Amino acid sequence: MKIAADVFWILWTGATAGSAQTLRIALYDYSGMSARGTERLVATADAVFAHSGIHLVWLHCRGIGAPANESGCSEKMQPNEMAVRIQPAGPPSVDSSGAPLGRSFVTAAGGSYATVFVRAVQALAARFGVPFDLLLGYAVAHEAGHCILGPGHSYAGLMRPSWNRKDAGEISRLGLHLTKQEAREAVVRLKLAELSKGL
Ligand SMILES: [Zn+2]
């Protein structure tokens, strides 16, 4: 009886709003990140999205964490998946400290592809005195936010168009997230994407 009750409880809680939504991220590192750097990037983005009830699942498709044959990297992208490239330089022709940290290819419905520029992240990390890996994780999380929510920016939090010193303070405490409204919208969109896979 105990087991049956546990199973019922799991199914019941899984069917309510409390269940975490999943976003799968295929990571392509062209910048030669270390294993430790990759771990910190992943842990940072995980923490940012966990705050909004979103669980990230990572596929290491290129770079030091990538196994020889990661199944899933060559498969067709699913609605709740995205691919992010970590580029060593860039963005092209804009290499000043005010350069965007990344770019995503999205419509109002979201998208599946984003790039983060290591040199721009390094410049901003040095300017604000925050660890590079941490800011890189935040830059990936910001672009993942666009892939779920579309191209818009917000007045506060993770999806601000650019981060200032105050934001950098929040970033170093892992305190910058989606706003409550964005988090709700993101969960709904991921839920719908999950449902559309079965159609
Ligand atoms: Zn943006």
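Predicted model: local features only at pLDDT ≥ 70, side-chain atom pairs only at ≥ 80, totals over all residues.
Me: Which elements does the protein chain contain, and in what order do they run from the N terminus?

Reply: The protein chain has 6 helices and 5 strands. From the N terminus on, the order is α-β-α-β-β-β-β-α-α-α-α.

Me: How many residues are there, and what percentage of them count as buried?

Reply: The protein chain has 199 residues, and 34% of them count as buried. As for contacts between residues at least 6 apart in sequence, 72% join residues at least 24 apart.

Me: How do I read the sheet, and what is its strand order?

Reply: Strands of a sheet pair through backbone hydrogen bonds, in either a parallel or an antiparallel sense. Here the 5 strands form an open sheet with mixed pairing, in the order β2-β1-β3-β5-β4. The edge positions are taken by β2 (54–62) and β4 (102–107); each has a single partner strand, so one side of each lacks a neighbour in the sheet. On average, neighbouring strands of this sheet are turned by 20° against each other, ignoring direction.

Me: In which sense does β1 pair with β2, parallel or antiparallel?

Reply: Strand β1, residues 21–29, pairs with β2 in the parallel sense, over 8 bridges.

Me: How is the packing of two helices described, and at what angle do α2 and α4 cross?

Reply: Two packed helices are described by the angle between their axes and by the distance between those axes. For α2 and α4, the axes come within 8 Å and cross at roughly 50°. That angle makes α2 oblique to α4. The crossing of α2 past α4 is right-handed. On the α2 side, the residues that meet α4 include R40, L41, T44 and V48. On the α4 side, L134, G137, Y138 and A141 are among those that meet α2.

Me: At what angle do α3 and α4 pack, and how far apart are their axes?

Reply: Helix α3 (residues 118–128) packs with α4 at an angle of about 125°, and the axes are 9 Å apart. This makes α3 oblique to α4. α3 passes α4 in a right-handed crossing. The contact is made by V121, Q122, L124 and A125 of α3 together with F132, L135, L136 and A139 of α4.

Methods: Residues numbered from 1 in each chain as written. Helix = DSSP H or I, 4+ residues; strand = E, 2+ residues; numbered from the N terminus. Buried ≥ 20, exposed ≤ 12 C-beta atoms within 10 Å, placed from the backbone. Contact = placed C-beta atoms within 7 Å. Pairing = 2+ DSSP bridges. Axes fitted to C-alpha atoms, helices over the stretch in contact; angles between N-to-C directions. Parallel < 35°, antiparallel > 145°, perpendicular 65-115°, else oblique. Left-handed = near helix turned anticlockwise from the far one by under 90°.
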